[in-house]
Amino acid sequence: DKERKAELLAHLEKQNLRLPKGGPGAKSASRKRKGPPVRFPQAYSRDPNALFVQKTTNNLIKALPAPMNSNYNEHPGNPPNKPVKYSNVRLACDIGPFFKDTAFEVATVDYYRGQVKLFSTESDFLEQDAVFADTFRVDSKKRYNNQFYLREILEFLQRGHSLLDTSCRCFHKIDAERASEIGISLPRHRPGLPEDRTSIRDDKCLLSKARCERTSLELSLEIAVGDIYEIVDKNNEHLVDVLRKNSKIVVTDSEATDLWAFKATHAASSKQELLQLVRGKPLGFPEPLEKDTYNGVKTDVDSLVADGEVYLLTNPETKISVLYARNRNLQLEIDGDIAKLWKEAGSKNQESAITIARALEQEKLIPTKQQKPEAKLLGKRKGTGSRRRASNKINAHAHLRLGPGGGHH
């Protein structure tokens, strides 16, 4: 049937137009990375102990510190384009043409670029005459799923700066194994463990917390992978697709690169913008969290309260706090004598409801509870009007009634 064959050919042609260029196995546009290819695109480890073995004067193996961050043992960390230097080391694995246990007087590693240089002598190092100088990465021993990487990337975008920064003092909950792979130091204080006096991570970080857009390279460096576009989990799901689908991440594509940023619930990034948000909610604006707005929002809330721009009311039972904008147009001047009396009274004459209830209970008195008006059913009224009016009149004057067993009047 010629007509049927023509329909099938037309259908197949439409299907081929929908496929990415290069055929069914080619990458979709959302997974096409911009920029030059990466030599080692998969997950890797920055653990220096996986590269080198260094011994003490007593011939004991010395644990090399986390390379990225500085510490109190004079380790400077690894800022971009400034490699870490190691002296008198042996290889912990084969590197290039050199086998494991080969000795070198000097070795340098730029953990950002993965650049490794080996020098036979100190003089060779001074002259930068390396016997090996090339990109080298140690493969990660563990495979992580996309949700694990997603959590680390979200924390990075929300934090505002990188844990890899040499002077980062942020506390983190990353375990020792993962921290060694990323190449970052552990917190100075960890529950159930002795204090690490070499660590600068005392949770007093002074780095900027302003959130900004990050490139794919920055995301890759933060989670120690060569290229986020090449990461695929065991379910054959690409990491970049998981990132793009996440509601807390917004991506901006351009011809040169793609930029990733944290998407907060409320569009505010400063104290003034926060004040405008509160003013736009006359019925109250719940006290915001950093993940819902921006880093440092608690400081700005305290400042707005101190400046008298907003009121902060907290429910004593639920502990939920709500912000209300102060309307200065409705501000009233209070007589000085009244204000003085109010301050003198303070809280000493304002006993809590619990205290009052206990005092009444001791006197065997029960406070009268105002009854809610009964609902009207099908337009019918319950009882006569005169009987209800009489009841209301009695309740209006009977503030207290005797409890069971009698009591004082």
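**Reading a buried helix and its surroundings**

Me: In this predicted model, what covers the buried residues of α3?

Reply: The cover over the buried residues of α3 includes the helices α4 (176-182), α5 (216-222) and α6 (239-245), together with the strands β9 (214-215), β10 (249-253) and β11 (258-262). Ten of the 14 residues of α3 are buried, so this helix is largely enclosed by the rest of the structure.

Me: Which residues of α3 are buried?

Reply: An α-helix has 3.6 residues a turn, so residues three or four places apart point the same way. In α3 the buried residues are Asn-146, Phe-148, Tyr-149, Leu-150, Glu-152, Ile-153, Leu-154, Phe-156, Leu-157 and Arg-159.

Me: How should I read the length and the ends of α3?

Reply: Helix α3 covers residues 146-159 and reaches 20 Å from its first C-alpha to its last, which is close to the 20 Å expected at 1.5 Å a residue. At its start, a side-chain oxygen of Asn-145 comes to within 3.2 Å of the backbone nitrogen of Gln-147, and after its end comes Gly-160, with a positive phi near 100°.

Me: Which residues touch the most other members of the largest nonpolar core?

Reply: In soluble globular proteins, nonpolar side chains tend to be buried together. Here the largest nonpolar core has 32 residues, and Phe-52, Tyr-86 and Leu-118 touch the most other members. Two or more residues come from each of β4 (84-91), β5 (103-110), β6 (115-119) and α4, and β4 gives the most, with four. Leaving aside neighbours within four places in sequence, Phe-52 is in contact with residues including Leu-64, Tyr-86, Val-89, Ala-107, Val-109 and Leu-118. Apart from this core lies another, of 22 residues, among them Phe-148, Phe-156, Ile-223 and Leu-239.

Technical notes
Residues are numbered from 1 along each chain as its sequence is written. This is a predicted model: local features need pLDDT of at least 70, side-chain atom pairs count only at pLDDT 80 or more; totals for chains, interfaces and linings use all residues. Side-chain values use heavy atoms; hydrogens and water are left out. The expected span of a helix is 1.5 Å times one less than its number of residues. Buried means under 20% relative accessible area, exposed over 50%, partly exposed in between (1.4 Å probe, protein chains only). Contact means heavy atoms within 4.5 Å. A polar contact is a pair of N or O atoms within 3.5 Å; within protein, one must be able to donate a hydrogen and the other to accept it, and residues adjacent in sequence count only if both atoms are side-chain atoms. A nonpolar core is a set of buried Ala, Val, Leu, Ile, Met, Phe, Trp, Tyr and Cys residues joined through side-chain atoms within 4.5 Å.
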